[in-house]
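Morning, everyone. One structure today, and I'll keep it short. Have a look at the screen.

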Amino acid sequence: MTDATASGHRHRPRPDGLEGLAADWASDQRAFKSASWGKAMMWIFLLSDTFVFAIFLISYMSARSSTEAEWPNASEVFSLHVGGADLPLALIAIMTFVLISSSGTMAMAVNCAYARDRRRTAALMYATAALGALFVGMQAFEWSKLIYEGVRPWGNPFGAEQFGAAFFMITGFHGTHVSFGVLFLLIVANKVRKGEFDSGRRTWLCREKGDYEAVEIMGLYWHFVDLVWVFIFAFFYLW
């Protein structure tokens with residue numbers, strides 16, 4: 001076979017339709033040509049996680065709509081007793097503010113990473129992790145308060161028994177996501193602070209010099225966690 005013929009086979013136009021799809025998946029090439037594998041896999045993970053959270057919230061709405069027992073009033077269950085007065089949903093409002101604020105610091109961290117501003121990127125990621133840890137701490141306080149008042153996954157002194165199971169399952173699953181997010185934020189921020197993304201060495205989470213994609217991937221995850229909390233806040237605490 002001549003070089004021209006070989007070259008013609010190598011540069012043969014890609015077929016259209018199903019033949020083109022089959023050619024892509026049968027060949028030794030990336031299916032996602034405009035995105036890295038890390039970013040593509042994060043999007044796939046977030047999509048699957050979206051289904052899980054959606055199932056949890058749909059199950060919660062189904063249980064609440066079908067139970068004959070009185071469903072607890074969220075304003076009373078989640079109120080704080082401060083200075084002789086009850087503040088309905090005060091802690092939940094603070095938690096929401098903290099988590100939404102952390103989404104802002106994460107967005108600024110990604111912007112600084114694009115600008116290769118290593119110091120500000122690390123500082124903003126540490127701030128995001130601190131806000132996430134504060135959120136988890138307040139959630140732990142909320143859990144301990146309800147447990148002290150007698151709320152259990154199998155029982156609830158405020159009304160319908162399904163309330164406790166739904167509360168601990170949904171908020172616990174989300175809190176686990178936030179906790180893991182804080183851990184990985186600290187790991188990536190520490191790498192940024194040490195200059196590992198500018199060293200030119202191929203290491204974990206870094207493929208080449210100046211590659212700050214890990215910060216952007218963490219941003220995708222963190223914004224997803226914040227968005228999920230908005231739905232939990234609306235369906236669980238405001239309904």
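Let's begin inside. About 40 Å³ of space lies in the second largest cavity. Keep in mind that this is a predicted model.

Which residues line that second largest cavity? Y60, R64, W71, P72, A74, F78, F163, F236 and W239. By class, eight of the lining residues are nonpolar and one is charged, with no polar residue.

How many cavities of 30 Å³ or more does the whole structure hold? The search finds two.

The largest cavity holds about 50 Å³ of space. Its lining is made by V77, F78, S79, L80, L91, I92, E142, K145 and L146. Two elements, α5 and α6 (118-148), each give two or more residues to that lining. The largest share comes from α6, with three residues. By class, the lining of the largest cavity has six nonpolar, one polar and two charged residues.

Now step back to the fold. The protein has eight helices and two strands. What is the order of the elements from the N terminus on? It runs α-α-α-α-β-β-α-α-α-α. The protein has 239 residues, and 41% of them count as buried.

First up, K39 and E216. They form a salt bridge, with the closest N and O atoms 3.2 Å apart. K39 lies in helix α3 (residues 37-66) and E216 in helix α8, so this pair ties together parts that are 177 residues apart in sequence.

Next pair: E149 and K145. Here the closest N and O atoms of the salt bridge are 3.1 Å apart. Are the two partners buried or exposed? E149 is partly exposed, because its relative accessible area is 32%. K145 counts as buried, because its relative accessibility is 19% and the cut-off for buried is under 20%.

Then K191 and E196. This salt bridge has its closest N and O atoms 2.9 Å apart. K191 is buried, and E196 is buried too.

I100 sits in helix α5 (residues 90-114). At 40% relative accessibility, I100 counts as partly exposed.

Now the backbone. Two residues deserve a look.

L89 has a positive phi of about 60°, although it is not a glycine. Where is L89? In the loop between β2 (85-87) and α5. L89 counts as buried, because its relative accessibility is 14%.

R116 also has a positive phi of about 60°, and again the residue is not a glycine. R116 is found in the loop between α5 and α6. With a relative accessible area of 44%, R116 is partly exposed.

Why does V178 count as buried? Because its relative accessibility is 0%. The C-alpha atoms of V178 and L99 are separated by 9.5 Å. Along the chain, V178 and L99 are 79 residues apart.

To recap. Two cavities of 30 Å³ or more.

Key. Residues are numbered from 1 along each chain as its sequence is written. This is a predicted model: local features need pLDDT of at least 70, side-chain atom pairs count only at pLDDT 80 or more; totals for chains, interfaces and linings use all residues. Side-chain values use heavy atoms; hydrogens and water are left out. Helices (H or I, at least four residues) and strands (E, at least two) are DSSP runs, numbered from the N terminus. Buried means under 20% relative accessible area, exposed over 50%, partly exposed in between (1.4 Å probe, protein chains only). A salt bridge is a side-chain nitrogen of Lys or Arg within 4 Å of a carboxyl oxygen of Asp or Glu. On a 1 Å grid over the protein atoms alone, a cavity is a set of points where a 1.4 Å probe fits but cannot get out, and a pocket is an open set with protein on both sides within 12 Å along at least five of seven lines; lining residues have an atom within 4 Å of a point. Grid points are joined across faces, edges and corners, and a volume is the space filled by probe spheres set on the points. Ala, Val, Leu, Ile, Met, Phe, Trp, Tyr, Cys and Pro count as nonpolar, Asp, Glu, Lys and Arg as charged, and the others, Gly among them, as polar.
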